[in-house]
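Thanks, everyone, for making time this morning.

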There are 2 protein chains.
Amino acid sequence: MSRWEPNARGRLEQAAMELYGERGYEKTTVTEIAGRAGLTERTFFRHYADKREVLFGGSVLLQGLLVDTLAEAPESASPIDAVAGALQAAAAVFDERREQSRRRQEIISANVELQERELVKLDSLAAALAGALRERGVPEPAASLAGEAGVAVFKVAFGRWIGGSGELGMGEFIQEALDELKAVTAGGRA
Amino acid sequence: MSRWEPNARGRLEQAAMELYGERGYEKTTVTEIAGRAGLTERTFFRHYADKREVLFGGSVLLQGLLVDTLAEAPESASPIDAVAGALQAAAAVFDERREQSRRRQEIISANVELQERELVKLDSLAAALAGALRERGVPEPAASLAGEAGVAVFKVAFGRWIGGSGELGMGEFIQEALDELKAVTAGGRA
């Protein structure tokens, strides 16, 4: 018999982030996360496969948002403009969650297994962007390179946004990284 | 008492690759690898931390070769040209080992843990290229973007080279990927 639990997923995520911050990711158990959220372990496992996945729910949402936005870009948009537009569409989501993103990044940076998982998600994102571009008729290897370029821009922009003072938004760092990538690949010495 | 073992490292690598191909990476033990190579386990652990690292010895050599070549590029070379020159300098090493590279890739593709490790090595390569560019006076974020761009070119070129018929060399796929990345970031619809 399962009861309806209002916002169970969000409560589990918040409890997990608190505990990972307080005692470290390795030392936190699913039992503790469920307890802190006032939910059962069984409810936890209805929402997440394991304690690692709590940290990557956002990556799945981000990939979906980027792929959907890319698919709706005007037909006339070049591959890189379609990718850049998708990244810009996601920028506001980051700005709304800067503090959570910063805490999440601290947890990931402290654990090699989580860093590996983050790289897998980014690799999957590059492949998903390339797939969405092929759907738009972009041939290979242009589609894969535009997908990888999009992830390169995202990685660098995210690092500067999360390490910055908070004055500039994620959108400005995405634009900066995109402009720099264009300048770099054009062969212009910065 | 350790005896001198001629080319122990190469013999261990060959034995490991044979066994990974025959019975799978997961089912192969260090004892079996050492036995097949006619060496002791102790000798194995003098050369490799574990059975996974046997597959990534080449990644370490590749990173060293790329960073050294990049450091010696003419001062006038733009960041992307310096990175491209380093990748081209490594192309011959790949062409000499196409069959080994293909077998290695099959083993890695069959195992999630190895795929994660491969992504960690590529991330480390991007960071090393960016570091070598900063040494040349390239500022951030241009250095990081050129490093990521170099790895994007390498990933796409490697995939096409290993999946191809063997007629074209790695150097041609690197040039193709670099040209495509330049075209894509210039905004030209392919």
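The contact between the two chains takes 33 residues from chain B and 33 residues from chain A, where two residues are in contact if their C-beta atoms, placed from the backbone, lie within 7 Å. This is a predicted model, in which local features need pLDDT of at least 70 and side-chain atom pairs count only at pLDDT 80 or more, while totals for chains, interfaces and linings use all residues. Residues are numbered from 1 along each chain as its sequence is written, and chains are lettered from A in the order in which they are written.

On the side of chain B that touches chain A, helix 8 of chain B gives the most, with 10 residues; helices here are DSSP runs (H or I, at least four residues), numbered from the N terminus. That side of chain B divides into 18 nonpolar, five polar and 10 charged residues, with Ala, Val, Leu, Ile, Met, Phe, Trp, Tyr, Cys and Pro counted as nonpolar, Asp, Glu, Lys and Arg as charged, and the others, Gly among them, as polar.

Turning to the helix pair, the axes of helix 4 (residues 57-71) of chain B and helix 5 (residues 79-96) of chain B come within 8 Å and cross at roughly 135°, the axes being lines fitted to C-alpha atoms over the stretch in contact, with angles from 0 to 180 degrees between N-to-C directions. The contact is made by residues including B:Leu62 and B:Leu66 of helix 4 of chain B and B:Val83 and B:Ala86 of helix 5 of chain B. By class, this contact has 10 nonpolar, two polar and no charged residues.

Terms used
Helices (H or I, at least four residues) and strands (E, at least two) are DSSP runs, numbered from the N terminus.
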